[in-house]
Amino acid sequence: MTMTTAEADTILADNFAPWVLALGLSVTSLGPDRAVLRLPWSGALAREGGGLSGQALMAAADTATVIAVASARGAYGPMTTVQQSTSFQRAVTESDVLIEAVLTKLGRRMAFADITMTAERTGELAARASTVYALLG
């Protein structure tokens, strides 16, 4: 059974720290092996020079992986980040960012994902990440 975006937004609200919730992430679409989240532009998340901070993008990528795993499994379950690697390609200014996490492997105990982060206003790729998760339950 496919999870709805409303159910995924509830997972966000119920399972993430207040500082992650303060990013304002919302789930825009789900698939059997992916999730797309929107990180809304906020000057509060900008660093010197006006670009969105890398820390915000990395947290969004990490969060998108959790939602993609939950979507693939049909429900949220305990999991933890084992590894995350992020490469930044260009600054994002004055634009929401679409974060797409695609599972490349989902096993019984581990999940692997590739994440793209695209500035919605320009359509330009801002960053890429890869994550590895341990599935605890």
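# Exercises on a Predicted Model

Glu-100 is partly exposed, with a relative accessible area of 26%.

## Exercise 1

Determine which side chain meets that of Glu-100 in a salt bridge, and where the two residues lie.

**Solution.** 

Step 1. The side chains of Glu-100 and Arg-34 form a salt bridge, with a distance of 2.9 Å from N to O.

Step 2. Arg-34 belongs to strand β2 (residues 34-39), whereas Glu-100 belongs to strand β4 (residues 97-106). The two residues are 66 residues apart, and the pair links distant parts of the chain.

Step 3. The side chain of Arg-34 also meets that of Asp-33 in a salt bridge, at 3.0 Å from N to O.

## Exercise 2

Classify Asp-33 and Arg-34 as buried, partly exposed or exposed.

**Solution.** 

Step 1. Recall the cut-offs: a residue is buried under 20% relative accessible area, exposed over 50%, and partly exposed in between.

Step 2. Asp-33 has a relative accessible area of 28%, so this residue is partly exposed.

Step 3. Arg-34 has a relative accessibility of 31%, so this residue is also partly exposed.

## Exercise 3

Explain which parts of the chain are tied together by the salt bridge between Arg-90 and Glu-124.

**Solution.** 

Step 1. The side chains of Arg-90 and Glu-124 meet at 3.5 Å, N to O.

Step 2. Arg-90 is in the loop between β3 and β4, and Glu-124 is in the loop between β5 and β6; the pair therefore ties together parts that are 34 residues apart in sequence.

Step 3. Arg-90 is partly exposed at 40% relative accessible area, and Glu-124 is partly exposed at 37%.

Step 4. By the rule applied here, the count of salt bridges comes to five. The pair of Arg-90 and Glu-124 is one of them.

## Exercise 4

Describe how strand β6 is covered and which strands pair with β6.

**Solution.** 

Step 1. Strand β6 spans residues 125-135 and is mostly covered, with nine of its eleven residues buried.

Step 2. Strand β3 (residues 79-88) pairs with β6 in the antiparallel sense over nine bridges. Within this pairing, Met-79 has Leu-135 as its bridge partner in β6.

Step 3. Strand β5 (residues 110-119) likewise pairs with β6 in the antiparallel sense, over nine bridges. Here Thr-116 stands opposite Arg-128.

Step 4. β5 and β6 form a hairpin with five residues between them. In the turn, Gly-123 has a positive phi of about 75°.

Methods: Residues are numbered from 1 along each chain as its sequence is written. This is a predicted model: local features need pLDDT of at least 70, side-chain atom pairs count only at pLDDT 80 or more; totals for chains, interfaces and linings use all residues. Side-chain values use heavy atoms; hydrogens and water are left out. Buried means under 20% relative accessible area, exposed over 50%, partly exposed in between (1.4 Å probe, protein chains only). Helices (H or I, at least four residues) and strands (E, at least two) are DSSP runs, numbered from the N terminus. Two strands pair if DSSP finds at least two bridges between them. A salt bridge is a side-chain nitrogen of Lys or Arg within 4 Å of a carboxyl oxygen of Asp or Glu.
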